[in-house]
Amino acid sequence: MRAMTARRSIPLLAMLGLMTAGCEPQPMGWADGRALASLDMSPFSLLPAVTVAPMPTAVGAGFDRPEGLSASEGQSFSVGTASRGYLVGGTPLRRDHEALKVRPVSIQRRAIHGTHDVIEALERAATAVSRRWPGSQLYAGDISAKEGGDIRHHASHNSGRDADLTFYLRGPNGAIADGPDMEVLDRDGRTPGGLVFDDARNWELVAAFLQNPNVQVQWFFVARHLRARMLTYAKRTGADPRLIARASATMRQPGDSSPHADHFHLRFYCQLEERLRGCVDTGVRHGWIDTFAAEIEVEISRIVALLRSGGDEEKRYVIKRIGQLALSSGARHLEPLIEDPDPTIRIMAIDTIAFLRGVRTPPAWAHLTDEDVGE
Ligand SMILES: [Zn+2]
């Protein structure tokens with residue numbers, strides 16, 4: 001995020017937490033049965049959108065150029081949502097990292113790519129734990145395919161922002177017993193073979209992610225009884241109450257997939273540059289996260305300038321992009337289009353405004369407000 005942000009010279013005003021309430025579209029009922037085209041999450045429709053800054057000369061021609069897909073050297077982007085997205089310029093997990101190992105099955109599945117920032121965060125967290133408890137080994141499971149998209153065994157893991165991780169375990173004698181297996185831990189935090197969930201190291205791992213300023217965690221999907229163990233440990237050892245509150249909000253047993261008693265599933269929010277290129281967060285925005293509202297406002301004002309041309313292509317483009325950027329304040333820019341002579345533009349504008357203001361979600365966009373899939 002740092003390098004990308006610097007390249008665009010966008011000041012990180014939103015570090016001040018300028019956006020909170022009211023900016024998150026909520027799932028709502030579908031009131032009036034009009035059809036609406038799906039928000040297209042393909043990289044062909046989304047990525048070239050960055051060329052809108054400052055303004056594309058030929059909008060129609062600029063949209064679907066596949067060369068817009070390539071990320072420049074060293075950059076990687078999550079595009080779309082975690083369950084319908086893509087990955088551009090994905091970074092593979094290293095095979096020779098001391099603290100972060102890779103599960104062989106994930107290598108076989110070719111599911112070891114993430115965004116650069118996500119891979120770096122995994123390495124950093126594993127390193128933090130192994131510095132404090134030498135010999136610790138965290139095993140990364142599936143992340144995403146090299147170019148993202150659907151992978152077997154998972155509903156999400158599409159866009160380089162999901163990562164499965166093993167738990168840190170100890171043997172009956174108390175010795176570190178980390179390994180690549182993902183065995184279900186029972187109510188007492190034990191594997192069938194008698195290994196025990198290590199409260200201290202697993203808590204430290206969660207804390208390391210939450211304290212990393214370069215990434216923002218949306219979820220640690222993990223079984224309720226393991227979550228409780230970590231929170232109890234954190235309180236008992238005097239961890240920062242703010243950190244405990246964030247861990248408490250981000251660790252969750254998902255209701256719509258396996259209870260995650262055999263591994264962590266992490267979901268990271270889109271980074272700023274990714275949001276601007278079509279990365280879409282779904283579900284909860286925790287109160288403390290930076291939603292990049294200030295930077296996105298700047299982008300919206302650039303996009304809106306296209307309306308001056310009066311062309312229908314430009315209007316459709318502006319509506320779509322503002323919908324993708326998913327900032328409620330973007331809705332006001334679309335109000336003039338409610339009275340557009342073209343009925344399809346009117347409908348697009350009305351639906352997008354309703355979506356951005358949390359009034360209702362068109363069925364074709366339902367995946368944008370789905371509760372979070374943890375698998
Ligand atoms: Zn997972």
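**Reading a helix pair and a buried aspartate**

Helix 5 and helix 6 are oblique to each other, in what is a predicted model.

Colleague: Okay, at what angle do helix 5 and helix 6 pack?

Modeller: The general idea is that angles of 65 to 115 degrees count as roughly perpendicular and those over 145 as roughly antiparallel. Here helix 5 (residues 116-132) and helix 6 (residues 199-210) pack at about 140°, with axes 9 Å apart, and therefore the pair is called oblique.

Colleague: And which hand does the crossing of helix 5 and helix 6 have, left or right?

Modeller: Right-handed, as helix 5 passes helix 6.

Colleague: Which residues in the two helices meet?

Modeller: From helix 5 you get Ala 121, Leu 122, Ala 125, Ala 126, Ala 128, Val 129 and Arg 132; across from them in helix 6 sit Arg 201, Glu 204, Leu 205, Ala 208 and Phe 209. By type, that contact has nine nonpolar residues, three charged and no polar ones.

Colleague: Now over to Asp 162 in strand 7. Is Asp 162 buried or exposed?

Modeller: For burial, you check whether the relative accessible area is under 20%. Asp 162 comes out at 0%, so this residue is buried. Strand 7 covers residues 162-165.

Colleague: Leaving out residues up to four places away in sequence, what does Asp 162 touch?

Modeller: Both of those histidines, His 157 and His 265, plus Ala 82, Asp 142, Ile 143, Ser 156, Leu 266 and Arg 267.

Conventions:
Residues numbered from 1 in each chain as written. Predicted model: local features only at pLDDT ≥ 70, side-chain atom pairs only at ≥ 80, totals over all residues. Heavy atoms only, no water. Axes fitted to C-alpha atoms, helices over the stretch in contact; angles between N-to-C directions. Helix = DSSP H or I, 4+ residues; strand = E, 2+ residues; numbered from the N terminus. Parallel < 35°, antiparallel > 145°, perpendicular 65-115°, else oblique. Left-handed = near helix turned anticlockwise from the far one by under 90°. Contact = heavy atoms within 4.5 Å. Nonpolar A, V, L, I, M, F, W, Y, C, P; charged D, E, K, R; others polar. Buried < 20%, exposed > 50% of the residue type's maximum accessible area, 1.4 Å probe, protein only.
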